[in-house]
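Trainee: I have a model open and want to learn how to read it. Can we go through it feature by feature?

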Amino acid sequence: MNKKTLILVWGIFLFISLMSISFSQETEEKTYTYVYVRNAAPSVEEVLINPDPAVPYDTLTIKAKVRDLNNDITNVVAVIENKDYNIKEELELKYDKTLDLYLNTYTLNSNAPPGTWKVEVTAIDSGNKQAILASSFKVNIVVSIDLDQVPIDFGEKDVNSLDVEADNILDDKDDIQGFPMKITNSGNTDITLKISGSDMVGQQISEQKINVENLHYNTILDKSNYKTLSKDLQILSQNLLPNKGEEVYFWLTIPSGISEQAFKGDISIQAFPS
């Protein structure tokens, strides 16, 4: 092969190679991306309790601001506790889309004890991860009493009647009340009861009176050891527990020298925290 022939062959080969490169089809190779997203724990950012302080019968609103980056909260629970009185209750909080909060209400009972109450909110997600935030509220002392079997009615009696019972069964009158008078601690703390009274004043002739000292009382049905009522406060009972009661029996001695008429007086029962 001479030189001219060799050059021609290489020229043809180069032309065919260039044509092959210019007119070949496209090709593509693929791989993939990968990441594993871990479950993030929820967070309880804030717990709000209203009203604070509270009193018995109040309805509390408990709100919790809960966040989760995976948006997979499954349950939010508030535990309301007063360890001093062994009170522990669980309350599920519901999501409010408008407020973007979890909330519910809790009503204190009639003798909810005073002091500091703890509220612990727990948020749980689908991976069973938890977040806890504690808060507290106070319950104020409420001193309250209820009286039953009143007024203290002695019915119709003669002068010089001695130690007449407020509801003497010998009278056979169903409408006579007050034997015994019943006092119930309707507050939320232990109390001391004190009693005082006034003279019984004639309703027609007000100058005529039955002195307060003619009234006697006892917390048991025993007139042999009763006490004389006074215008000054006297201790009737101490450390009366919430929702517990005390009974008070009364006796009246009616003096001579007074006219036929009705007489009325007052009996005061005062309660103080023990």
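Trainee: Which residue in S19 is the bridge partner of Val201?
Mentor: Lys264 is the bridge partner of Val201. Keep in mind that this is a predicted model. The strands here are S13, residues 200-202, and S19; they run antiparallel and are joined by two bridges.

Trainee: What is the strand order in that open sheet?
Mentor: The order is S14-S13-S19, with antiparallel pairing. Now look at the edges. S14 (209-210) and S19 (263-264) each have a single partner strand, so one side of each lacks a neighbour in the sheet.

Trainee: How do I read a pocket?
Mentor: Start with the general idea. Rolling a probe the size of a water molecule over the atoms shows where empty space is left. In this model the largest pocket holds about 900 Å³ of space. It is lined by 30 residues, and those closest to its centre are Asp153, Phe154, Gly155, Met200 and Phe263.

Trainee: How many residues of that lining are nonpolar, polar and charged?
Mentor: The lining has 17 nonpolar, four polar and nine charged residues.

Trainee: Let me turn to strand S3. Is strand S3 largely enclosed or open?
Mentor: S3 spans residues 73-82, and seven of its ten residues are buried, so the rest of the structure largely encloses this strand.

Trainee: Which strands pair with S3?
Mentor: S7, residues 115-125, pairs with S3 in the antiparallel sense over eight bridges.

Trainee: What lies between S3 and S4 in their hairpin?
Mentor: Four residues separate the two strands, and Asn86 takes a positive phi near 55°.

Trainee: What about side chains along a strand?
Mentor: In a regular strand they alternate between the two faces of the sheet.

Trainee: Is Leu91 buried or exposed?
Mentor: Its relative accessibility is 13%, and the cut-off for buried is under 20%, so Leu91 counts as buried. Beyond its neighbours within four places in sequence, Leu91 is in contact with residues including Ile62, Val77, Ile80 and Tyr106. Leu91 and Val121 are 30 residues apart in sequence, with 9.3 Å between their C-alpha atoms.

Trainee: And the protein as a whole?
Mentor: It has one helix and 20 strands. Of its 274 residues, 33% are buried. Among contacts with a separation of 6 or more, 71% join residues 24 or more positions apart.

Definitions and conventions. Residues numbered from 1 in each chain as written. Predicted model: local features only at pLDDT ≥ 70, side-chain atom pairs only at ≥ 80, totals over all residues. Heavy atoms only, no water. Buried < 20%, exposed > 50% of the residue type's maximum accessible area, 1.4 Å probe, protein only. Contact = heavy atoms within 4.5 Å. 1 Å grid on protein atoms, 1.4 Å probe; cavity = no way out; pocket = protein on both sides within 12 Å on 5 of 7 lines; lining within 4 Å. Points joined across faces, edges and corners; volume = space filled by probe spheres on them. Nonpolar A, V, L, I, M, F, W, Y, C, P; charged D, E, K, R; others polar. Pairing = 2+ DSSP bridges.
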